[in-house]
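Let's take a walk through this structure together. Have the sequence and the 3D view open, and follow along as we go.

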Amino acid sequence: MKKESFSLGRFLYDNTTAFMMLGIFVFFSIFAEGFLSIGNITTVLSSSSVLLLVSIGMCFVVISGGTDLSVAAAYGMGGLVCVYAIQGGIPAEAGIVLALAAGLMFGLINSFLILKVGISVWLATLGTLFIGESIERIVTKGGTPVYLSGVDGVFKSIGQGTVVNIVQEGANITIKSSIVLAMIIAVAAAFVLKKTVLGRHLYAAGLQRRAAELSGVSVERCVTIAFVVSGACCCLAGVIGGAQLSSYIPVNGRYYLLDAIGTVFIGSTMHRRGFANVGGTVVGVIFFGFLTNGLNLIGVQFYWQYVIRGGLILFVLAVNAYQRNVWALRTRRH
Amino acid sequence: MKHKGENAGDVIMRYSGYIAFAVIIIFFVIKAPIFLRYSNLVNILAQSAVLGICGFGLTGIFIGGGDDVIRGGTDLSITLNMAVAGAIIAVMAGGGKPLWLAFATAALVSITIEAVNAYTIVKLKMVPLLSTICMMYLLQGVERIITNNVVVPANHKALVIISNTAILGIPVIAWIFVVVAIVMYVLFNVCSYGNKVSASGGSELAAKASGINVSLMVASTYIIGGVMASVSAFLMVARLSSYTPGAGDLQLFDVMLVSYLGAVFSRRYRPNIPGTFIAALFIGVLTNGFTLINVPSYWVYAIKGALILITVSITTIQKRRVE
């Protein structure tokens with residue numbers, strides 16, 4: 001196939017979503033005071049770690065051809081297990097391992113229900129979402145938060161520790177260790193999905209289940225791995241969330257659930273063929289973070305922020321979809 | 001009904017959804033004799049109305065959009081749509097405007113919202129999950145702007161009459177639920193419209209080849225969803241004589257559950273209107289029964305979730321055996 005010569009128009013056309021995001025970023029840089037300072041940017045990035053981890057989990061499941069509504073419950077369960085373990089005098093390291101084990105359980109239960117029993121993905125993860133959330137309510141006697149006094153060691157550093165912390169006049173640059181951890185996991189996830197056989201198989205299982213099976217891919221194994229990764233990522237996110245607040249707040253995960261679906265699908269629109277991918281998901285998470293931050297800094301009233309946020313995301317995605325359709329028509333004509 | 005080549009076990013499995021429902025009712029009857037009282041049964045019907053009617057809307061969208069997990073038809077904004085409609089009705093009726101005007105405005109807004117959804121899905125070909133989630137964010141804001149995030153009282157005379165009147169011993173709210181159920185049943189299971197919609201959801205290409213306007217069919221299910229959202233909003237406000245902000249966020253997953261669970265109560269295990277009706281009653285019975293036997297509310301969700309998974313598991317295993 002002949003390689004197309006580079007054309008600026010085509011380049012702009014292909015990356016409209018990214019350019020519109022950039023446009024919004026520039027808008028905030030001009031009109032929101034303090035938006036473009038390094039301090040602000042690092043703060044926004046640092047506070048995105050939880051959503052990033054949940055989104056990576058969701059990304060795996062979406063790639064394997066499903067959706068995981070139980071991420072909300074897995075997030076809560078991770079925090080619950082870890083905070084209760086620490087409260088009970090178990091070392092924090094063991095608490096984190098226990099939380100990851102809980103995530104593993106979540107993944108296994110979901111994939112058991114979907115693969116072995118054969119329940120539809122929506123219904124199965126909806127069921128585990130309900131059960132998980134009520135376990136959170138039952139353990140906390142109806143939903144009272146649990147506060148830890150005196151957090152230290154690994155648990156503190158995973159949530160509140162900083163890698164870079166420069167306090168200068170006017171600039172306050174902090175990069176939290178949690179976002180570094182989340183980014184390392186994101187890079188690892190991107191590597192697995194792009195460069196390994198397992199990653200190829202995951203995409204194949206999601207795209208063409210039957211074809212994948214016929215060519216020797218174990219779809220069951222792929223789906224199980226996707227759900228286990230999702231459970232583990234979400235429980236780790238729950239641990240970080242708990243560590244950031246030195247407390248456990250029950251039934252708090254639903255916000256992340258819907259945001260994670262949003263970021264993964266925004267990420268998929270940035271892929272040339274519309275597949276969910278880690279790179280796009282990271283961009284989606286950062287976009288969400290800066291959108292909220294920018295609207296805050298401009299001083300938009302809190303309720304209007306929802307409207308503008310929803311409207312802007314819808315607009316960006318609608319333009320992307322419109323373009324795809326035009327492009328599809330044009331290529332068909334030739 | 002016994003089909004060819006079936007033994008008693010198969011028949012039990014086939015109706016496991018109904019059997020689970022019956023067993024639960026018997027359990028409540030034994031544990032709490034009040035359960036069987038006429039007033040309580042009627043109350044359950046009224047309690048299930050909001051969830052059920054909103055569920056009808058979502059079920060219609062499921063039928064028209066197909067059951068693919070990611071690209072299939074779905075509407076995550078439907079309960080927020082209901083919430084916005086409820087807020088409008090409460091604010092207008094509470095502010096002394098005539099009730100019909102309040103409802104008409106709410107219905108118009110709901111339908112417009114769903115028309116936008118339909119446009120993004122049918123014309124722009126966006127993934128329904130994605131475009132409706134954006135709409136959901138947007139409506140969360142709209143709802144809070146309208147209500148200022150405080151409870152809106154709506155002591156309108158007509159609303160009080162509607163929530164307290166009974167015709168032939170059945171509350172008006174329950175009547176509305178039954179009538180809407182019948183209308184939706186006729187629309188989706190009797191009229192040719194229903195066939196065309198299921199064909200569009202089943203196989204888009206085949207439907208197009210046989211001359212069905214698939215875009216129109218899919219868009220119409222969203223519009224019907226908007227109508228259902230406004231009707232359920234009306235009942236919600238009438239029942240409570242007020243509107244509480246956040247109702248939409250809380251009920252999204254319940255409505256989804258009702259629509260998906262409806263598939264269990266059908267021969268082909270697909271989302272359908274009568275199944276949704278039964279599923280809404282099922283959830284209504286569970287909520288009502290557990291309240292009667294004084295189970296703490298935070299246990300109810302766990303028991304509901306477990307029961308639903310068990311029922312669905314049995315049915316699904318049976319479905320696979322049939323296939």
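A few ground rules first. This is a predicted model, in which local features need pLDDT of at least 70 and side-chain atom pairs count only at pLDDT 80 or more, while totals for chains, interfaces and linings use all residues. Residues are numbered from 1 along each chain as its sequence is written, and chains are lettered from A and ligands numbered from 1 in the order in which they are written.

Let's begin with chain A. You'll find 15 helices and four strands in it; here helices (H or I, at least four residues) and strands (E, at least two) are DSSP runs, numbered from the N terminus. The C-alpha trace of chain A spans about 70 × 60 × 35 Å along its principal axes. How does its radius of gyration fit a compact globule? For 334 residues such a globule would have a value near 20 Å, and the 21 Å of chain A agrees with that. The radius is taken over C-alpha atoms, and the globule rule is 2.2 Å times the number of residues to the power 0.38.

Of the 334 residues in chain A, 48% are buried. A residue is buried if 20 or more other C-beta atoms lie within 10 Å of its own, exposed if 12 or fewer, and partly exposed in between, with C-beta atoms placed from the backbone. Take the contacts in chain A between residues at least 6 apart in sequence: 74% of them join residues at least 24 apart. Two residues are in contact if their C-beta atoms, placed from the backbone, lie within 7 Å.

Now for some helix pairs in chain A. Helix α9 (residues 177-195) and helix α14 (residues 278-298) of chain A pack at an angle of about 150°, with their axes 9 Å apart. Axes are lines fitted to C-alpha atoms, for helices over the stretch in contact, and angles run from 0 to 180 degrees between N-to-C directions. The two helices are therefore roughly antiparallel to each other; angles under 35 degrees count as roughly parallel, over 145 as roughly antiparallel, 65 to 115 as roughly perpendicular and the rest as oblique. On the α9(A) side, look for A:A186, A:A189, A:A190 and A:L193, which meet A:V278, A:G279 and A:V282 of α14(A). That contact has six nonpolar residues, one polar and no charged. Ala, Val, Leu, Ile, Met, Phe, Trp, Tyr, Cys and Pro count as nonpolar, Asp, Glu, Lys and Arg as charged, and the others, Gly among them, as polar.

Helix α14(A) also packs with helix α13 (residues 254-269) of chain A: their axes come within 7 Å and cross at roughly 125°. That makes α13(A) oblique to α14(A). By class, their contact has six nonpolar, six polar and one charged residues.

Another pair is helix α10 (residues 197-207) and helix α12 (residues 219-245) of chain A, with an angle of about 105° and axes 9 Å apart. These two are therefore roughly perpendicular. Here A:H201, A:L202 and A:A205 of α10(A) meet A:V219, A:C222, A:V223 and A:A226 of α12(A).

Over to chain B, which has 14 helices and four strands. Its radius of gyration is 20 Å, close to the 20 Å that the globule rule gives for 323 residues, so chain B is as compact as a globular protein of that length. Buried residues account for 52% of the 323.

Zoom in on B:A280, found in helix α13 (residues 273-292) of chain B. Is B:A280 buried or exposed? It is buried, because 31 other C-beta atoms lie within 10 Å. Leaving out residues up to four places away in sequence, B:A280 touches B:S48, B:L51, B:G52, B:G55 and B:V258.

B:N148 counts as exposed, with 11 C-beta neighbours inside 10 Å, and has a positive phi of about 60° although it is not a glycine.

Finally, where do the chains meet? In all, 38 residues of chain B are in contact with 42 residues of chain A. On the chain B side, α6 (128-147), α12 (247-261) and α14 (297-322) each supply at least two residues, and α14(B) gives the most, with 14 residues. That side of chain B divides into 27 nonpolar, seven polar and four charged residues.
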